[in-house]
Amino acid sequence: MPDLDEPKLKKGLLFWRRPRPVRQPSTHNSQYPSQNRLQRTLRRVWTTNMTPETPVGEAPGFFKSAATIIFSSWLNLLLFCIPVSWALHFVWQKDTTNTQDTIIFVFSFLSIIPLAKLLAFATDELSLRVGQTLAGLLNATLGNAVELIVSIIALIKCELQIVQSSLVGSVLSNLLLVLGMCFFAGGMRYSEQGFGISAVQIQSSLLILSVVAVLLPAAFHFVAGAQIDDSREGPEILSVSHGASIILLVVYISYLVFQLFSHTQLYDEEHASVNKVKSTPYPKKPSKEKMNDLEQGAKNATATASALSDVQLTVRSTGTANGDVKGNATVGEVIISSTMSTEATHVENGDSGHTEEEKEEPQMSLQSAIIFLIVVTVLVAVTAEFLVSSIDGLTDGGHISKEFVGVILLPIVGNAAEHVTAVTVSVRDKLDLSLGVAVGSSIQIALFVIPFIVTLGWMIGKPLTLLFDPFESIVLFLSVIVVNYTVQDGKSNWLEGAILMCLYVILAVVFWYYPGTDVANNFNLPGCPG
């Protein structure tokens, strides 16, 4: 057998037959490339979403965290309303009068405000440890915890009108009040603020989809209601609502995959594909001291330039007289190099103005934040149950309607945490995060909470449908259109914020006088007493 390493002669050409290399076993499973690709994608998504935007410092101890929680906001003064509302509920739980229910409602209402703020505080502590996209999703999700809890309790108690009006009011509050306050507060510091237009356009499309899903049952009722008996129309609208809710839940899951997995770059401010307009601060007039410094710097620069020109003329004359042209270049290089070394020394000493990135100092440890979040959620659930139980007594007096309570009062309490978070970050020129909280929260209510509550009612036998009050549906549609026109240019200013807030105030005045209609209750569907 010939040697493999021996040269061979073939057709007059000398070639070398190299030995076949022995393949080493691969460290990864190359037989399943799709699994490897999926693992790399999941690893990239995990790194992107779980890496904080700025480094996080060391967490404080337990006692310091507790002191920070207590003194975190002046709204904590309202925490005394929690035991008062609980005590009044248990003392007056049998045969309460309208006045007693009103008192319980007021104290429960005031109790949820600091609880929502503490919920936002714990959410912010969790958001410090994740990326910006996941932070916005956390703020939107946990910010809607109050609305979700109130809706579930009202659904169990068959307060279907409160469920529908509070969910519509939550979307209106986030789109008009919260977003308007963000634009207005940011416009006080910046002439124009920019945000990622691609992500906002996708969110606007999702909002219009959810509004269409709410409008279609109402259109079905008004168009086909005259041709179909109520005994048949009610179950059909209920079936349509169940099918549409499942489809909306699928759309929301697809949106989460789009946001957190496939198109994370659209929600990353530093990515090149993000079409974002830069924010423009207001021009500032320089102070007298700064003007004096500028004048002195100009004089020094002029004196330095004249001195250098004198030195160069002297060197040139000396070099020409001695017949040495090369010496002139050498002296010039020495002057330039000495000047550059001096500037480099200033940069090394910190005169360039660049500072190292500061760390975010957490106010709670991760374990403490999670435990605190669970405790606050339980307190919100118990207090919300007392709140919902007292609504009937509050509205029976005729001074205030259920429509105003559901559309205006309850969303303001539930969105108190989002108000503070979104406005705070908008002032810091993080308008993308503000939109992620305000608009993202509206999308979550419209695409997740509403269909989830309808599906939950289907499971427990409560006839909750997507047939909302016709006036509420029209107001919701017009509000989404106004917001869509406001954000379509990718810029905001304080006037746009004022427009959104004024529109919300107008709606509050209208709903104060609007009595409201429970259209779905006219079908006498089984599950709730008429």
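Trainee: What's the handedness of the crossing where helix 8 passes helix 16?
Mentor: Left-handed. Keep in mind that this is a predicted model.

Trainee: At what angle do the axes of helix 8 and helix 16 cross, and within what distance do they come?
Mentor: The crossing angle is roughly 25°, and the axes come within 9 Å. Helix 8 covers residues 197-224 and helix 16 covers residues 431-460. Angles under 35 degrees count as roughly parallel, so helix 8 is roughly parallel to helix 16.

Trainee: Why quote both an angle and a distance?
Mentor: Because two packed helices are described by the angle between their axes and the distance between the axes.

Trainee: Which residues meet there, from helix 8 and from helix 16?
Mentor: Helix 8 brings Val 200, Gln 203, Leu 206, Leu 207 and Ser 210. They meet Leu 435, Val 439, Ser 442, Ile 443, Ala 446 and Leu 447 of helix 16.

Trainee: And Leu 216, is that buried or exposed?
Mentor: Leu 216 is in helix 8. Its relative accessibility is 53%, so Leu 216 counts as exposed; the cut-off for exposed is over 50%.

Trainee: How many residues apart in sequence are Leu 216 and Ser 473?
Mentor: They are 257 residues apart in sequence, with 9.9 Å between their C-alpha atoms.

Trainee: Switching to helix 3. Which of its residues are buried?
Mentor: Helix 3 takes in residues 81-91, and its buried residues are Cys 81, Ile 82, Ser 85, Leu 88 and His 89. Looking down the helix axis, those buried residues fall within an arc of 140°, so they line one face of helix 3.

Trainee: What's exposed on the other side of helix 3?
Mentor: Pro 83 and Val 91 are exposed there.

Trainee: What covers the buried residues of helix 3?
Mentor: The cover includes helix 4 (98-127) and helix 12 (366-389).

Trainee: Where does Ala 154 sit?
Mentor: Ala 154 is in helix 6, residues 145-156. With 1% relative accessibility, Ala 154 counts as buried.

Trainee: What is Ala 154 in contact with, leaving aside neighbours within four places in sequence?
Mentor: Glu 159, Ile 162, Val 163 and Val 388. As for Gln 164, it is 10 residues from Ala 154 in sequence, and the C-alpha atoms are 9.8 Å apart.

Trainee: How many bridges pair strand 3 with strand 4?
Mentor: Strand 3 (residues 190-194) and strand 4 (residues 280-281) pair over 2 bridges, in the antiparallel sense. Tyr 190 stands opposite Pro 281 of strand 4.

Trainee: Last one, the whole chain. How many helices and strands are there?
Mentor: There are 18 helices and 5 strands. Of the 530 residues in the chain, 43% are buried.

Trainee: What share of the contacts with a separation of 6 or more comes from residues 24 or more positions apart?
Mentor: Those account for 84% of them.

How values were computed:
Residues are numbered from 1 along each chain as its sequence is written. This is a predicted model: local features need pLDDT of at least 70, side-chain atom pairs count only at pLDDT 80 or more; totals for chains, interfaces and linings use all residues. Side-chain values use heavy atoms; hydrogens and water are left out. Buried means under 20% relative accessible area, exposed over 50%, partly exposed in between (1.4 Å probe, protein chains only). Helices (H or I, at least four residues) and strands (E, at least two) are DSSP runs, numbered from the N terminus. The arc is that of the directions from the helix axis to the C-beta atoms. Contact means heavy atoms within 4.5 Å. Two strands pair if DSSP finds at least two bridges between them. Axes are lines fitted to C-alpha atoms, for helices over the stretch in contact, and angles run from 0 to 180 degrees between N-to-C directions. Angles under 35 degrees count as roughly parallel, over 145 as roughly antiparallel, 65 to 115 as roughly perpendicular and the rest as oblique. A crossing is left-handed if the near helix is turned anticlockwise from the far one by less than a right angle, and right-handed if clockwise.
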